[in-house]
Amino acid sequence: MAGAARLAVALATCGLVLGLRGEERVELEITDFHVKTSVRSRYAVTQTRSVVRNPDTRPREAIFDVDIPSTAFISNFTLTVNGKIYPATVQSKDKAREKYNTARRQGQTTGHVGTRGRDLGRFRVSVTVRAGAVAEFALTHEELLRRRGGLYEVRASLRPGRPVRNLTLEVAIAERGGVESLHVRPLRTSDLLTSRHDGTGQAPAGTTVERTPTCARVTFAPTADLQAAFGPRGVTGDFVLVYDVKMDDVIGDVLTGGGHFVHYFAPRGLPVVPKNIVFVIDVSSSMFGTKLAQTQDAMKTILDDLRPDDFFNLITFSDVVEVWKPNGSVQANARHLQSARAYVDNMEAAGWTDMDAALQTASETVKTGVGSELPPLPLPLIVFLTDGEPTSGETDGAKVARHAQRSLAGAAPLYCLAFGDDADARLLLRLALDNSGTFRRV
């Protein structure tokens with residue numbers, strides 16, 4: 001396609017919130033919102049489709065933000081306007097933005113895809129829709145499901161931004177070895193939840209499940225009234241189901257095709273390794289209010305999930321770093337857990353954010369071990385939660401990352417959780433990758 005009619009795209013990775021914005025004129029109407037996932041041999045292909053109509057007499061801009069799992073990749077994106085398909089093309093960032101702005105000024109239908117600043121977890125599309133036009137977004141992403149806690153998780157983000165006349169979700173699963181178990185969890189509104197917290201409870205109203213020995217089909221089709229019951233923005237959260245496959249052969253399952261093979265191997269009955277977990281929690285002023293309250297609730301749930309042979313410690317930081325048990329981690333027995341819950345309840349948000357000092361203290365703490373209560377070979381690890389960027393002490397992110405890697409020196413993996421959209425996701429991702437951990441936005 002030539003000229004302004006071309007859809008100029010600068011690809012971004014991962015992320016589903018659909019938002020529409022514009023001036024004080026007639027609102028864009030979302031007529032349809034559909035998510036369809038097909039899982040075959042633990043490989044998931046998901047298409048998210050949204051239809052938007054512009055009833056105004058002037059062009060309007062639609063913003064389409066899509067959350068997708070961090071392990072997924074985007075395989076296709078198309079924009080269809082009044083029956084005409086505009087496939088995405090990849091261009092340089094500056095060229096794509098320039099072409100988009102030019103077409104927008106001319107009132108043409110055009111779109112731009114890109115990241116939102118430091119946000120690594122969002123797929124974002126800006127589209128100008130002509131007066132009276134109907135635009136359809138179709139985004140496809142794919143991922144190989146990973147088995148965690150003995151289950152495979154399928155997650156689809158449902159955030160159309162308002163109640164929708166036609167909203168449906170369908171997940172179809174086919175496993176040649178058989179579907180051993182399947183459970184639809186309550187709608188997930190935060191990733192600061194453990195498997196125990198969100199693993200029980202009822203499926204969202206409007207959910208139906210059909211099963212055969214080797215297949216399953218799950219649908220979610222809430223009426224307008226059910227959507228309104230979630231709040232003024234309608235359904236807002238992740239639809240999550242977990243399942244496991246039958247694997248009678250101890251050597252696992254081998255699949256072949258296209259000149260390649262994949263070997264699924266999931267041994268059962270392995271002993272649980274005792275852990276020494278150091279939680280590092282941001283209590284700077286930006287955590288004030290809802291963020292801190294949610295963190296406190298989540299931490300108490302996590303403490304409840306610790307096993308009796310686990311050890312743990314707590315570190316809070318702002319521009320001051322405080323260690324709950326300076327002499328080393330303690331066993332997760334009833335007395336220590338009660339004390340830890342009281343400590344978490346008393347956390348207050350104030351001050352700046354000294355990530356460097358917090359990470360250095362965490363390194364020293366995890367190397368201290370578990371004081372006089374040393375168990376046989378506990379697995380050390382650090383969980384680091386923050387909602388911002390370094391604003392006190394060392395504020396250069398690259399130096400913070402180098403200091404952490406040098407200090408930890410492989411002593412423990414570092415798992416980083418970014419709370420909210422203001423966290424420096426790129427820095428947290430580097431910290432996790434440099435220290436054998438993982439990064440996740442919550």
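Predicted model: local features only at pLDDT ≥ 70, side-chain atom pairs only at ≥ 80, totals over all residues.
Local features are reported only where pLDDT is at least 70 and side-chain atom pairs only at pLDDT 80 or more, whereas totals for chains, interfaces and linings use all residues. Residues are numbered from 1 along each chain as its sequence is written, and side-chain values use heavy atoms, with hydrogens and water left out.

Helices (H or I, at least four residues) and strands (E, at least two) are taken as DSSP runs and numbered from the N terminus; two strands are said to pair if DSSP finds at least two bridges between them. Strand β11, which spans residues 134–144, is mostly covered, with eight of its eleven residues buried, where buried means under 20% relative accessible area, exposed over 50% and partly exposed in between, for a 1.4 Å probe and protein chains only. Strand β4 (residues 43–53) pairs with β11 in the antiparallel sense over eleven bridges, and Val45 stands opposite Glu142 of β11. Strand β6 (residues 73–81) is also joined to β11, running antiparallel to it over eight bridges, and here Val81 stands opposite Ala135.

An open sheet is formed by four strands in the order β12-β13-β18-β15, with antiparallel pairing. Its edge strands, each of which pairs on one side only, are β12 (147–148) and β15 (179–184). Strand β15 is joined by five bridges to the antiparallel strand β18 (residues 237–245), and Val179 stands opposite Val245 in β18.

Among the helices, the axes of α4 (residues 290–305) and α5 (residues 334–345) come within 10 Å and cross at roughly 170°; axes are lines fitted to C-alpha atoms, for helices over the stretch in contact, and angles run from 0 to 180 degrees between N-to-C directions. Helix α4 is therefore roughly antiparallel to α5, a term used for angles over 145 degrees, while those under 35 count as roughly parallel, 65 to 115 as roughly perpendicular and the rest as oblique. The contact (heavy atoms within 4.5 Å) is made by Gln296, Met299, Lys300, Leu303 and Asp304 of α4 together with Leu337, Ala340, Arg341, Val344 and Asp345 of α5. By class, this contact of α4 with α5 has five nonpolar, one polar and four charged residues, where Ala, Val, Leu, Ile, Met, Phe, Trp, Tyr, Cys and Pro count as nonpolar, Asp, Glu, Lys and Arg as charged, and the others, Gly among them, as polar.

Helix α6 (residues 355–368) contains Thr365, which is buried with a relative accessible area of 7%. Not counting residues up to four places away in sequence, Thr365 touches Val278, Asn313, Ile315 and Val323.
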